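Me: I'm new to this structure and would like to get to know it step by step. Could you walk me through some questions?

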Amino acid sequence: MAASSCSTLALCSSLAAHCKISKNPPNHNPPPPLLSLSRPKIFASGLYTRPAFSLSPKFSQTEAPEIESEPEAAVAPEEPAPVVESTSKEEPKREEVFAVVMIGSRQYIVFPGRYLYTQRLKDANVDDKIILNKVLLVGTKTTTYIGKPVVTNAAVHAVVEEQGLNPKVIVFKYKKKKGYRRNIGHRQPNTRIRITGITGYQDYPAVTLDSLKP
């Protein structure tokens, strides 16, 4: 018995020498990273910085990328624009003149280009040219021709544009306590004319401001 116990102790001592048994359980998680609070290393040229690496792909001299260039389109030369000469001549400006003419029992101020409605002109059709001889006054920028009572040889030329009717006028009659009521509408006929020109007043003696002074 004593011999067997001695051999057992010898075997255990030899195993303990070769193997170390840890009392703590095995830890399968990796150790946390250690934070270094030490100052950065300083070299002779200054602070050490990590060199920046470019992300551009590297090509060897033999494997340089080939870039295909598109052929430029041929640009046609610009042709000069043709010069168009205007053959139309500028119309001379009309003389600014006005007149006072009597048509029927009314007087109108007229000038070239104006249109007006007058009472019905008998025997006048559309597009007929008429001449108004009762010219009471003619005026320009510089002179005035006053008729006594009319300006002799002066005439106003016009063209008949339309034969129409005025807006309706309601004529209402009423008598109280008699049951009398009358409602009548009336539209007066009229003529639309356009003034084309004023002529024949140049030979009449003109009136100026100097002649009116005493």
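Predicted model: local features only at pLDDT ≥ 70, side-chain atom pairs only at ≥ 80, totals over all residues.

Me: What is the phi of asparagine 153 near?

Reply: Asparagine 153 is a residue other than glycine, and its phi has a positive value. That phi is near 65°.

Me: Which peptide bond is cis, and where does its proline lie?

Reply: The bond joins lysine 148 and proline 149, with omega at about 0°, and it is cis. As for its place, proline 149 is found in the loop between β8 and β9.

Me: Aspartate 127 has a positive phi too; is this residue buried or exposed?

Reply: Aspartate 127 is not a glycine, yet its phi is positive at about 70°. You can find aspartate 127 in the loop between β5 and β6 (129–132). Because its relative accessibility is 59% and the cut-off is over 50%, aspartate 127 counts as exposed.

Me: How many helices and strands does the chain have?

Reply: Let's follow the chain along its sequence: the pattern reads α-β-β-β-β-β-β-β-β-β-β-β-β-α. Counting up these elements gives 2 helices and 12 strands.

Me: What share of the chain do buried residues make up?

Reply: The chain has 214 residues. To count as buried, a residue needs a relative accessible area under 20%. Buried residues make up 17%.

Me: Which residue of β9 is the bridge partner of isoleucine 130?

Reply: Start with β6, where Ile130 and Leu132 form the covered face, while Lys129 and Ile131 form the uncovered one. β6 pairs with β9 in the antiparallel sense, over 4 bridges. In β9, the partner of isoleucine 130 is alanine 158.

Me: How many salt bridges are there in the whole structure?

Reply: A salt bridge here needs a side-chain nitrogen of Lys or Arg within 4 Å of a carboxyl oxygen of Asp or Glu. With that rule, a search of the whole structure finds 3.

Me: How many residues apart are glutamate 96 and lysine 141?

Reply: Their side chains meet in a salt bridge, at 3.6 Å from N to O. Glutamate 96 is in the loop between β2 (46–47) and β3 (98–103), and lysine 141 in the loop between β7 (135–139) and β8 (144–146). Both residues are exposed. The pair links distant parts of the chain, 45 residues apart.

Me: Is arginine 192 buried or exposed?

Reply: Arginine 192 forms a salt bridge with glutamate 161, and their closest N and O atoms are 2.9 Å apart. Glutamate 161 is partly exposed, at 28% relative accessible area. Arginine 192 has a relative accessibility of 19%, and the cut-off is under 20%, so arginine 192 counts as buried.

Me: Which residues form a positive surface patch?

Reply: One of its members is lysine 178, in the loop between β10 (169–175) and β11 (180–186). At 66% relative accessibility, lysine 178 counts as exposed. The patch is formed by Lys173, Lys175, Lys178 and Arg182.

Me: What is the area of the nonpolar surface patch made by Phe98, Ile109 and Phe111?

Reply: Take phenylalanine 111 as a way in: it is in the loop between β4 (106–110) and β5 (115–119). Phenylalanine 111 is partly exposed, with a relative accessible area of 39%. Together with Phe98 and Ile109, Phe111 makes a patch of about 270 Å².

Note on methods: Residues numbered from 1 in each chain as written. Heavy atoms only, no water. Buried < 20%, exposed > 50% of the residue type's maximum accessible area, 1.4 Å probe, protein only. Patch = residues over 30% accessible without salt bridge, like charges linked within 9 Å, V, L, I, M, F, W, Y side chains within 5 Å. Areas by Shrake-Rupley, 256 points an atom, 1.4 Å probe, with all protein chains shown as cover. Lys, Arg positive; Asp, Glu negative; His and termini not counted. Charge placed at Lys NZ, Arg CZ, Asp CG, Glu CD. Pairing = 2+ DSSP bridges.
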